Amino acid sequence: MEQRGAEIEVRAKGRRLEGHAALFGVETRISGPRGLFWETIRAGAFAASLRARDVLALRDHDPTRVLARTKSGTLRLAEDSTGLQFEIALSDSTEARDVLALVERGDAGGMSFAFDAEDEDWQGDRRELRSVTLHEISVVSAWPAYPGTIVQARAGGPAAPPGLALARLYLDTLRG
């Protein structure tokens, strides 16, 4: 099983977290068993898993720190044109309150996901994930593998579209 993460925009909306756990078409440098390589995720890569599996939402990939799951309806997952979209309905547990506080303050590192590659295409040092078996998504505290967007928490109100988050990150890199 492999794990990937991203500094992806996560929004707090009441007792819910929402955002994207993976982005389609974003090339990222990965260090793996084959050494360093570039990886992208093709649109539709999660489709089969979303129809057939019970997927968990965890904190830092720790199976003892369950935040939600699709089987209970507390985790909703869907693919959209941007990537793997999620919505987590948080419980009133200590773990959930802690995660919510980190996201609201902007201290969470991003989102991550664990998967097995079912269909992949290697072209030299480039890998495209075409189909994966998704096991879980995680809110991560530190450094995700897929940098690319920012993590922000917003309590209520409309969230910025993902493209705006990418534009903000780009402008931040220009400012140094």
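Biologist: Which residues point one way from strand E6 (residues 56–59), and which the other way?

Modeller: Strands are DSSP runs of E with at least two residues, and helices are runs of H or I with at least four, numbered from the N terminus. Leu56 and Leu58 point to one side of E6, while Ala57 and Arg59 point to the other. All of them are buried; the term denotes under 20% relative accessible area, with exposed being over 50% and partly exposed in between (1.4 Å probe, protein chains only). This is a predicted model, in which local features need pLDDT of at least 70 and side-chain atom pairs count only at pLDDT 80 or more, whereas totals for chains, interfaces and linings use all residues. Residues are numbered from 1 along each chain as its sequence is written, and side-chain values use heavy atoms, with hydrogens and water left out.

Biologist: How many bridges join E6 to strand E7 (residues 62–69)?

Modeller: Two strands pair if DSSP finds at least two bridges between them. E6 and E7 run antiparallel and are joined by four bridges, and Ala57 has Ala68 of E7 as its bridge partner. E6 also pairs with strand E11 (residues 126–140), here in the parallel sense and over four bridges. In that pairing, Glu136 of E11 stands opposite Leu56.

Biologist: What do E6 and E7 form, with two residues between them?

Modeller: They form a hairpin. Asp60 lies in the loop between the two strands, and its phi is near 55 degrees, a positive value in a residue other than glycine. His61 is found in this loop as well; although not a glycine, His61 has a positive phi of about 60 degrees.

Biologist: Is Asp60 buried, exposed or partly exposed?

Modeller: Asp60 is partly exposed, since its relative accessible area is 28%. His61, by contrast, counts as buried, at 18% relative accessibility.

Biologist: Which backbone nitrogen does the side chain of Ser138 reach?

Modeller: A polar contact is a pair of N or O atoms within 3.5 Å; within protein, one must be able to donate a hydrogen and the other to accept it, and residues adjacent in sequence count only if both atoms are side-chain atoms. The side chain of Ser138 reaches the backbone nitrogen of His61 at 2.9 Å. Ser138 belongs to E11 and is buried, at 0% relative accessibility. Leaving aside neighbours within four places in sequence, Ser138 has contacts (heavy atoms within 4.5 Å) with residues including Leu58, Arg59, Asp60 and Gly110.

Biologist: Where do the buried residues of helix H2 fall, seen down the axis?

Modeller: The buried residues of H2 (residues 94–105) are Glu95, Ala96, Val99, Leu100 and Val103. They fall within an arc of 130 degrees (taken from the directions from the helix axis to the C-beta atoms), so they line one face of the helix. The face turned away from this side carries the exposed residues Thr94 and Arg105. After H2 comes Gly106, with a positive phi near 85 degrees.

Biologist: What is the mean pLDDT of the chain?

Modeller: The pLDDT is the predictor's confidence in each residue, from 0 to 100. Its mean over the chain is 80, and 73% of the residues reach 70 or more. Over residues 148–173 the pLDDT is below 50, and this stretch has 53 contacts in the model beyond near neighbours in sequence.

Notes
Expected span 1.5 Å × (residues − 1).
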